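Visitor: Hey, could you walk me through this one? I'd like to start with the ligand.
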Amino acid sequence: EKGEYRHYMLKEIHEQPRVIKATMEGRVTDSRVLEQALGIEAGELLQDVRHVQIIACGTSYHAGMVARYWIEDLAGVPCSVEVASEFRYRKHVIQKDTLFLCISQSGETADTLAALRQAKKAGFRAALAICNVPGSSLVRESDLVIMTQAGPEIGVASTKAFTTQLTALLIFSLALARKNGLSAEREADIVKALHLVPGQVSDVLALEGEIAEMSERFVEKNHALFLGRGSQFPVAMEGALKLKEISYIHAEAYPAGELKHGPLALVDSEMPVITVAPNNSMAEKLKSNLEEVRARGGELFVFADRAANVKPEENIHVVQLPEVHEITAPIVYTVPLQLLSYHVAVLKGTDVDQPRNLAKSVTVE
Ligand code: F6R
């Protein structure tokens, strides 16, 4: 039931602190990941994994793109990510020591299942599923399963499924990293940061009024550009997808460094540019990208922490987010973009929970 909320999507956005915590439950201590919580055979199956191939669609694909940064950074294991509908129709090379990782909220997405079945014929070390529906086809056909604890997601636009997928993927990345030389110290530092995420997401939810006000500036717009760098690039992609799906505004995401290679030509006062800019190692580079936009009369909407030191000025709107660990930042920075697209859609009067032309579970090609 929606309860006090006007839409399921809003209710599901607000459930995130609780369901992120539920997804950590029993899988992490104060300072480490419990490998056996990923399955009794996890230890053995993760041993000697030399490559991770992630397959997913839509929002789940964006979760996979974030995970690639974690897997390569923390575990030092090469990771490829591909949308299932492309993977299944091309000739691909899968090495025997590959972990095949499918991410799906429903566990019934036709293309994702087809990709898994096809890859099985080619052979790989093990199939891991990150899934939200117990007993789904994906869960039944995988060797290892990490269930997200998002609970039923009714809104067609995925929100809590995404942030719980990220939580599960970070836990998995740490387990794999431990087998590949991650120090106990770095593991503890990241696990502690993960424990802070539910509270940080609550802090972001408290900014809803400010974000709702900002959304008024989008109602009349036909296009929007989302920018992020590093692991925030997939967050920008997810923000653009949410805006497209529920508000029907055309949105595109770019890694900010690509701006001058083309999309900068689109920037004028009619093109709002949304940027996710936590104070990580890329912040300085990102700021020079912002200058490029501003110099062309673009209107900027920046989600950044205080340390990023982005000053509000004419045509620069800043929403200040809590300071977060660089590794967990993608989880926290997703939430303001969900709120932004939700409020734009409400103002436009679209059917938020049931956007036109879309189905919740894509069980046919
Ligand atoms: C977007 C959205 C879709 C799904 C995609 C995959 O908000 O919900 O893009 O993410 O259809 O679905 P699952 O995760 O069930 O495989």
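Predicted model: local features only at pLDDT ≥ 70, side-chain atom pairs only at ≥ 80, totals over all residues.

Visitor: OK, and what about Thr-109, how far is its side chain from a ligand oxygen?

Guide: An N or O atom in the Thr-109 side chain is 2.5 Å from an oxygen atom of the ligand. Lys-242 does something along those lines: an N or O atom in its side chain is 3.0 Å from a ligand oxygen.

Visitor: How much of the ligand's accessible area does the protein cover?

Guide: The ligand has 410 Å² of accessible area on its own, and the protein covers 89% of that. The space the ligand takes is the largest pocket.

Visitor: Which elements give two or more residues to the shell?

Guide: Those are helix 4 (58–75) and helix 11 (232–247). In total, 14 residues surround the ligand, and Ser-60, Ser-104 and Ser-106 are among the closest.

Visitor: And how do the shell residues divide by type?

Guide: Eight are polar, four nonpolar and two charged.

Visitor: Switching topic: what's up with phi at Asn-315?

Guide: Asn-315 isn't a glycine, yet its phi is positive, about 70°. You'll find Asn-315 in the loop between strand 9 (299–305) and strand 10 (316–321). It's partly exposed, at 32% relative accessible area.

Visitor: Then where does Asn-357 sit, and is it buried or exposed?

Guide: Asn-357 is in the segment after helix 13 (329–348). It counts as exposed because its relative accessibility is 77%, and the cut-off is over 50%. Asn-357 also has a positive phi, near 65°.

Methods
Residues numbered from 1 in each chain as written. Heavy atoms only, no water. Helix = DSSP H or I, 4+ residues; strand = E, 2+ residues; numbered from the N terminus. Buried < 20%, exposed > 50% of the residue type's maximum accessible area, 1.4 Å probe, protein only. Near = heavy atom within 4 Å. Polar contact = N/O pair within 3.5 Å; in protein donor to acceptor, adjacent residues only side chain to side chain. Areas by Shrake-Rupley, 256 points an atom, 1.4 Å probe, with all protein chains shown as cover. 1 Å grid on protein atoms, 1.4 Å probe; cavity = no way out; pocket = protein on both sides within 12 Å on 5 of 7 lines; lining within 4 Å. Sits in = over half its atoms within 2 Å of the grid points. Nonpolar A, V, L, I, M, F, W, Y, C, P; charged D, E, K, R; others polar.
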